[in-house]
Amino acid sequence: VDGAAERPVPLEMSLLIGLLKQDQFESVLRVTAELGVSRVCPVVCERSVPRPDKAGAGTRMPRWRRILCEATKVSGSVRVPELSDPVAFRDVRWDELPEQRYAALLGVGADPIATARTAPGRIVFAVGPEGDWTDGEAAVLIERGFAPISLGPRILRASTAAIAGCAWFRMSAESGRGM
């Protein structure tokens, strides 16, 4: 990206996100790229409204990659986030995700995000589709080592939750408070 100098960041963040409606998903891509997310992994969940077939996802991927590229340029970063092909929740490659794992969950037992302590390195932050993860999906996330976190007492749209959580992790890492 045209001579921009990459600033060292003590956190490499991936976003595992339930597939959202087109406009909401594109907003998430744009803002999380500006926040320095390194990888976006869209997941087709039980409550995902869009259900792309292979042809449908194929036509959207170039647009989504352009959005990531443009947002990266705007933010002054040099590295465009990787965008994985959308996969069904049951097909997520858990072994390819970072070991530091956090999931935004509306249910009981989620600690406030401010209590999350990340070590320098790689994390993954998971946000479900509108309506949150199903109970079964939430159970799988917890079984796979995701710490359940809450973004506060308000119910946020999934796109807002993804952006707010990524912003919190980024700002905490850069200030040294979350580390």
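Predicted model: local features only at pLDDT ≥ 70, side-chain atom pairs only at ≥ 80, totals over all residues.
## Starting with helix α4

How far apart are the ends of α4? Its end C-alpha atoms are 26 Å apart, which agrees with the 26 Å that its 18 residues should span at 1.5 Å a residue.

## The main core

The largest nonpolar core is made of 34 residues, and the ones with the most contacts inside it are Leu15, Ile17, Phe25, Leu29, Phe125, Val127 and Phe169. At least two residues of this core come from each of β1 (11-18), α1 (22-34), β2 (39-44), α2 (54-75), β5 (100-104), β7 (121-127) and α4 (158-175). Helix α4 gives the largest share, six residues.

Take a look at Phe125: beyond its neighbours within four places in sequence, its contacts include Leu15, Tyr102, Ile149, Cys166 and Phe169. Ala161, Ala162 and Gly165 are also among them.

There's a second, separate core too, with 16 residues, including Leu16, Ala103, Leu105 and Leu141.

Now for Thr32, which sits in helix α1. Is Thr32 buried or exposed? Its relative accessible area is 0%, so Thr32 counts as buried.

Setting aside residues up to four places away in sequence, Thr32 touches Leu15, Val37, Val40 and Cys166.

Notes: Residues numbered from 1 in each chain as written. Heavy atoms only, no water. Core = buried A, V, L, I, M, F, W, Y, C linked by side-chain atoms within 4.5 Å. Buried < 20%, exposed > 50% of the residue type's maximum accessible area, 1.4 Å probe, protein only. Helix = DSSP H or I, 4+ residues; strand = E, 2+ residues; numbered from the N terminus. Contact = heavy atoms within 4.5 Å. Expected span 1.5 Å × (residues − 1).
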